[in-house]
Amino acid sequence: MSDDRYSRQSLFAPIGQAGQQRIRASQVVLLGCGALGSTLANALVRAGVGRLTIIDADRLELSNLQRQTLFDEAQAAARAPKAEAARDRLRQINAQVEIVARVERAGPDNIARLVGRPDVVLDATDNFATRYLLNDLCVRDGLPWIYGGCAAAYGVCMPILPHETPCLRCLFPTPPPPEHAPTADTVGILGPIAHAVASLQAAEALKLLSGNRQAVRPVLYTLDLWEGHLASVRLPGPEPDCPCCGAGRYDHLGGCA
Ligand SMILES: [Zn+2]
């Protein structure tokens, strides 16, 4: 199969042939394969990353199909593990990409093994406990990661380059209580907000993977597709008093240094 399949992407000047080759050699880890994750996986596999690892312990349900674009009715009826169902579909989309499915739930004891040392980690989780765990791991190990979240019609995205841009705990030192962290299970969700947030995350990832790190800006994107709100808030540098990237305390990992 010819690399011509990427011609429109490499024609985009900031990527070019050199950037495309870097994308083809890259390794990406996707934590979660629901609405954000299935959209991200689709975008990155079509973009031609070298290897994509998908981590998700959940099984498909019919109510996922409204927004999780990789999956179909037969997979939902079979209650297939999302990571494996995504892998099987993605292999049909781009056989050049190595795709690894891990049907496991990330926790303090296994997240370092599950994530490894990729070029970027994409947050497609649906809870802050896992995000804070991921933040600690990525800051400790110097891994770029892209925070993304959405519920109802609202979403956020923030690229995090450890020690270069603010980490999650620079902005929010402690996780919000569950009653202040609505999810698709509590307030519902519009499919398009998940796809919009995942597209922002995918674009940030492609900047990193193609060697355009300088194009990743320290911003918090916020959007509400119902209210017609779109904003990118410029962030200052990392917070010197941050317990994580400032003081090097990785509390959510169990204090592992
Ligand atoms: Zn920080």
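Donors are N, O and S atoms within 2.8 Å of the metal. In this predicted model, the protein donors of the zinc ion are the SG atoms of Cys-167, Cys-170, Cys-242 and Cys-245, which lie 2.3 Å from the ion. Along the sequence, these donor residues follow the spacing C-x2-C-x71-C-x2-C. Cys-167 belongs to the loop between strand 6 (154–160) and helix 8 (168–171), and Cys-242 to the segment after strand 8 (229–234), so this pair ties together parts that are 75 residues apart in sequence. The arrangement around the zinc ion is tetrahedral, because the 4 donor atoms subtend angles of 93 to 121 degrees and the criterion requires all angles to lie between 85 and 135 degrees. With a relative accessible area of 1%, Cys-167 is buried; Cys-242 is also buried, at 1%, the cut-off being under 20%.

In soluble globular proteins, nonpolar side chains tend to be buried together. The largest nonpolar core of the model has 47 residues, of which Leu-52, Ile-54 and Leu-90 touch the most other members. Among the elements that give two or more residues to this core are strand 1 (27–31), helix 3 (35–47), strand 2 (51–55), helix 5 (82–93) and helix 10 (191–209). Helix 10 gives the most, with 9 residues. When neighbours within four places in sequence are left aside, the contacts of Leu-90 are Ala-41, Asn-42, Val-45, Leu-52, Ile-54, Leu-70 and Ile-99.

The structure holds 3 aromatic pairs.

Most residues other than glycine have a negative phi. Arg-79, however, has a positive phi, near 50 degrees. Arg-79 is found in the loop between helix 4 (73–77) and helix 5, and its relative accessibility of 40% makes it partly exposed. Ala-152 likewise is not a glycine and has a positive phi, of about 50 degrees. This alanine lies in the loop between strand 5 (145–151) and strand 6. Ala-152 counts as partly exposed because its relative accessibility is 31%.

Terms used
Residues are numbered from 1 along each chain as its sequence is written. This is a predicted model: local features need pLDDT of at least 70, side-chain atom pairs count only at pLDDT 80 or more; totals for chains, interfaces and linings use all residues. Side-chain values use heavy atoms; hydrogens and water are left out. A nonpolar core is a set of buried Ala, Val, Leu, Ile, Met, Phe, Trp, Tyr and Cys residues joined through side-chain atoms within 4.5 Å. Buried means under 20% relative accessible area, exposed over 50%, partly exposed in between (1.4 Å probe, protein chains only). Helices (H or I, at least four residues) and strands (E, at least two) are DSSP runs, numbered from the N terminus. Contact means heavy atoms within 4.5 Å. Donors are N, O and S atoms within 2.8 Å of the metal (3.2 Å for Na, K and Ca); water is not among the atoms, so sites may look incomplete. Four donors count as tetrahedral if all angles lie between 85 and 135 degrees; four count as square planar and six as octahedral if opposite donors are over 155 degrees apart and all others between 65 and 115; anything else is irregular. Rings of Phe, Tyr and Trp (its six-membered ring) pair if their centres lie within 6.5 Å; planes under 30 degrees apart count as stacked, over 60 as edge-to-face and the rest as tilted.
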